[in-house]
Every structure is written in C-alpha cells, then in structure tokens.
Amino acid sequence: MTNLPKEHLQLQKLCYPAVENSRSASKTTQQDKVVNKQQQQPIHNYTLSSRQGRDNQRWMTIRHNDNDNDSNNHHAVDIIRDVTTTNTNTNKNINNACSVGGSDVKIRLLAGCVPLTNDGHVIFVSSSKDAEQWILPKGGWEQDETLTEAAKRETYEEAGLIGRLGPQLQHNITYRSKSLQTWNKLQMFPMYVEHILQAWPESGRRNRRLMTLPEGIEYVRRYKPQLVGVLEEVAARIGNSPVAKHSIA
C-alpha cells in the first residue's frame, strides 16, 4: 500500500491515455469536462446533486405479504434475493424482513467504481468517518442521472478521479446501512483512470491510497468482505482481456 504522489506530473504517469468513446465523446466534451489552463488539469462541472439530500435519490420498495395471493407479492423475496450477494446471512436477514405479512423492504440504489491505474493498481479513498479505513468511491444514484453518470460523479466527488468505465460488474452488493438502518444495493463499474485531480470536492476530508489488486482483495477480505467478489471479478476481467476492450464510456 502506498499513498498517491502529490506532484501533478507524477499523478498523470499513473493514468491511462484519455480516449473519447465515439458514442459519448460529444457529450463528455461539452457537458462534463472543462480544461483549466492555469492548473493544467481537467475539471468537471458536475452538479453536486447528492449534496441536496436523499430525497433526490433513487430507491426501490418491495412489499411482501404471505397472506396475499398476488403473484407479485409472492415473488417479492425472490426479487430481493436477486439483488443480493450470495452471502447467507444477508439473504437470511432480508428474508426475515419480508416474512412479516405486509412488511416493506426499502432499498437505496448506489453506484460506484473500482478505479484502476495504468499499472494495475486500485485507488482507494479514506472513509469520511474514519481516516484509517479505506473504501471504494460510491454513493447515491440520483433521479436525474443514469447509473454510469452516478458512478462517475461519485468517483469525482469522493476521490477526484476522472476516467472511462468498463461494463458494469456482475457482482452486485446489497447490505444494511448501520447508520440509516436501510438496505443499500451497490452497483459497480471498473474505471480506467485518465485524470487524477489534486483538488476535488471532498479533498479536505479524504485521502487516497494505491493498492495492488492482491493487496486490495486481502484488505477488503479483512475489513470489507462484501467487496471481495467485486475485486476478484475485476482481477479476472483484467487477466482475461485487454483493458481497451472494456472501455465503454
């Protein structure tokens, strides 16, 4: 594990070459990126809508009633199980939450990234609640944006990283928030980092750290086990195909 260098040129040596995808080049150039010629680094003009509160975020609510013959209600647990990991305890807890007739399960939808440097490292960020805890950038999916836009915005806000995304990872994570007592469904993308900013919206309260994929997998296995499958899928994807084949946005 190493901290990111502070000098701009050293940071850029870790980045993939910026390549605009033909399907999104005009949108990215016109709406997302502005080049600050004084600082010689790209700056996004994202609207930080996540700072307006959770009322603007996407949720899904699933109702289950054991006494109801409605097939939609009978399949509620199956639907919830579909958005969970294979973690037995997680499924058991969700099933228990649905087992009382007429109970609702409210799930907050999140988006995030696994940021990758050109030498195969993962960039983690420190938790806003604990500077010694390392996490992957993620946050609420807003109602006025696509899932990929949410993943990019959250990674910019929390980690000061800009890049292109690979296809969505198949390993979705559903977990219970300790602070909010709600269920969260996290959908992740690999991000091939093209720019590392020296100042970003949350730079005053977050640090960044480089880990190799094996180091990252070992770290999350110990402290964030729900993320093990995500990093293992990224490792398998990088091992099986050139990075360029995964770039979509």
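E194 and R164 are both buried, where buried denotes a relative accessible area under 20%, exposed over 50% and partly exposed the range in between, computed with a 1.4 Å probe on protein chains only. The two residues form a salt bridge in which the closest N and O atoms are 3.0 Å apart, a salt bridge being a side-chain nitrogen of Lys or Arg within 4 Å of a carboxyl oxygen of Asp or Glu. This pair links distant parts of the chain, since E194 belongs to strand β11 and R164 to strand β9 (residues 161-165), 30 residues apart; helices (H or I, at least four residues) and strands (E, at least two) are DSSP runs numbered from the N terminus. The model is predicted, so that local features need pLDDT of at least 70 and side-chain atom pairs count only at pLDDT 80 or more, while totals for chains, interfaces and linings use all residues. Residues are numbered from 1 along each chain as its sequence is written, and side-chain values use heavy atoms, with hydrogens and water left out.

By the salt-bridge rule, the count comes to ten. One of these joins R153 and E142, with the closest N and O atoms 3.8 Å apart; R153 lies in helix α6 and E142 in the loop between β8 (138-140) and α6, eleven residues apart. Both R153 and E142 are buried. In another, the side chains of R221 and E232 meet at 3.5 Å, N to O. Because R221 lies in helix α7 (residues 213-223) and E232 in helix α8 (residues 228-240), this pair ties together parts that are eleven residues apart in sequence. R221 is partly exposed, with a relative accessible area of 42%, and E232 is likewise partly exposed, at 39%. Salt bridges that share partners also join E142, E145, R153, E154 and E157 into one network.

Just after α6, G160 takes a positive phi of about 65°.

Strand β6 (residues 121-126) is also largely enclosed by the rest of the structure, because five of its six residues are buried. Five bridges join β6 to strand β12 (residues 208-212), and the two run antiparallel, pairing of strands being assigned if DSSP finds at least two bridges between them. F124 stands opposite R209 in β12. Strand β7 (residues 134-135) is joined to β6 by two bridges, again antiparallel, and I135 in β7 is the bridge partner of V125.

R206, in the loop between β11 (183-196) and β12, is buried, with a relative accessible area of 6%. Leaving aside neighbours within four places in sequence, R206 is in contact (heavy atoms within 4.5 Å) with V125, S126, S127, S128, I135, E158 and W200. The backbone oxygen of S126 lies 2.8 Å from a polar atom of the R206 side chain. The side chains of R206 and E202 make a polar contact at 2.5 Å, a polar contact being a pair of N or O atoms within 3.5 Å, of which, within protein, one must be able to donate a hydrogen and the other to accept it, residues adjacent in sequence counting only if both atoms are side-chain atoms.
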